[in-house]
Amino acid sequence: MTIHEFIAKYREAFSDGAPLPVTFGYSDKAATEVRKIPRCMVGSIRRVCDGQPLTLSADNVLCGGGSLYTAFAPMPDRVPVFVSETERYKQTKEQVIEQINRLDIRLSAKPYLNFVRMDHIDSLDEVEGVLFFATPDVLSGLCTWAFYDNNADDAVCTRFASGCCSIVTLAAKENALGGRRCFIGMLDPSARPLVPKHELTFTIPSCRFKQMMDTMEQSALFQKAYSVVRKRINGEIQNGKQ
C-alpha cells in the first residue's frame, strides 16, 4: 500500500474530519525553518495536523524534559526533583531516575527532528513513527487494527511519560528495536491543555506501521461492527441509534 492509498483508506475508515496522521523522524536536513516555539512543544506538534511542518532542534527545544525526550540533550539534574516534588507525578526522585534510565535514551546523531503531515511526504524514509491525534471512537479503530495481527499482551500499551515522551521517545526506541508495540499517550496533565480535550495520541513505530499498512483492509476497520462507530464519527447516528 502506498502512502496515497493509505490516506484514502484512512479517510474511508475514520472520515474526512479526522486529523491526518503526522510523521516524525530525525534528519540532517530541516523540513522547515527552525522557529521559536513555546516552552512545551506539544501544542506545536498538534498544529502540524493543519499542514505546516515543524522542525525541532537543540536550538528551539527549551524545556529540559523536552530536550531529553527528543534526544537532543542529557537529562538536566533538576528534572527528577521537579517531576517528583513539584509536579508530584512520582513519589520520589529515585523513581523518576529509574524510569528515565529504563528508557535508555541515546543522543541523536542528527540535528533535526521533523514533524510532517502524512500527505506531505513521499516515503517513510527517515520516519521514526506515525502519530495520530484520536478521539475515543477513532482510538477504538486504531487499537482494533493494531490487535489484528499481533497477539501480544502489550500490542498496544500506555506508560508513564510526559506528552513529548509518549509521542516521540517510546516510538523511536521501539522502531530502533524493530518492535511491534503501539503507544497510547497524552495522559500527561501538564501537556493535556495543549491538545483538544477529547483527544489522546496513538503512535505507531515506523517498522510496525509498514506491517499494519498491509493488514488495514482485512482488519475490522471495514467490517460491520466498526461501521456503526464510523457512522457516529460521521454524525449519522448518536450513541448507536439512527
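**Helices, strands and aromatic rings**

Modeller: In this predicted model, helices α1 and α9 are roughly perpendicular to each other. The axes of α1 (residues 3-14) and α9 (residues 224-233) cross at roughly 85 degrees and come within 8 Å.

Colleague: Which residues of α1 and α9 make the contact?

Modeller: In general, two packed helices are described by the angle and the distance between their axes. Here α1 contributes Glu12, Ala13 and Phe14, while α9 contributes Tyr226, Arg230 and Ile233. By class, this contact holds 4 nonpolar, no polar and 2 charged residues.

Colleague: Is strand β7 largely enclosed or open, and which strands pair with it?

Modeller: In a regular strand, side chains alternate between the two faces of the sheet. In the present case, 5 of the 6 residues of β7 (residues 200-205) are buried, so the rest of the structure largely encloses this strand. Strand β4 (residues 129-134) pairs with β7 in the antiparallel sense over 6 bridges, and Ala134 stands opposite Leu200. Strand β6 (residues 182-185) also pairs with β7 in the antiparallel sense, over 3 bridges; there Ile184 has Phe202 as its bridge partner.

Colleague: How many aromatic pairs does a search of the whole structure find?

Modeller: The search finds 10. In one of them, the ring centres of Phe6 and Phe209 are 5.0 Å apart and the planes stand at 85 degrees, so the pair is edge-to-face, the term for angles over 60 degrees. Phe6 belongs to helix α1 and Phe209 to helix α8 (residues 206-215), 203 residues apart. Both Phe6 and Phe209 are buried.

Terms used:
Residues are numbered from 1 along each chain as its sequence is written. This is a predicted model: local features need pLDDT of at least 70, side-chain atom pairs count only at pLDDT 80 or more; totals for chains, interfaces and linings use all residues. Side-chain values use heavy atoms; hydrogens and water are left out. Buried means under 20% relative accessible area, exposed over 50%, partly exposed in between (1.4 Å probe, protein chains only). Helices (H or I, at least four residues) and strands (E, at least two) are DSSP runs, numbered from the N terminus. Two strands pair if DSSP finds at least two bridges between them. Axes are lines fitted to C-alpha atoms, for helices over the stretch in contact, and angles run from 0 to 180 degrees between N-to-C directions. Angles under 35 degrees count as roughly parallel, over 145 as roughly antiparallel, 65 to 115 as roughly perpendicular and the rest as oblique. Contact means heavy atoms within 4.5 Å. Ala, Val, Leu, Ile, Met, Phe, Trp, Tyr, Cys and Pro count as nonpolar, Asp, Glu, Lys and Arg as charged, and the others, Gly among them, as polar. Rings of Phe, Tyr and Trp (its six-membered ring) pair if their centres lie within 6.5 Å; planes under 30 degrees apart count as stacked, over 60 as edge-to-face and the rest as tilted.
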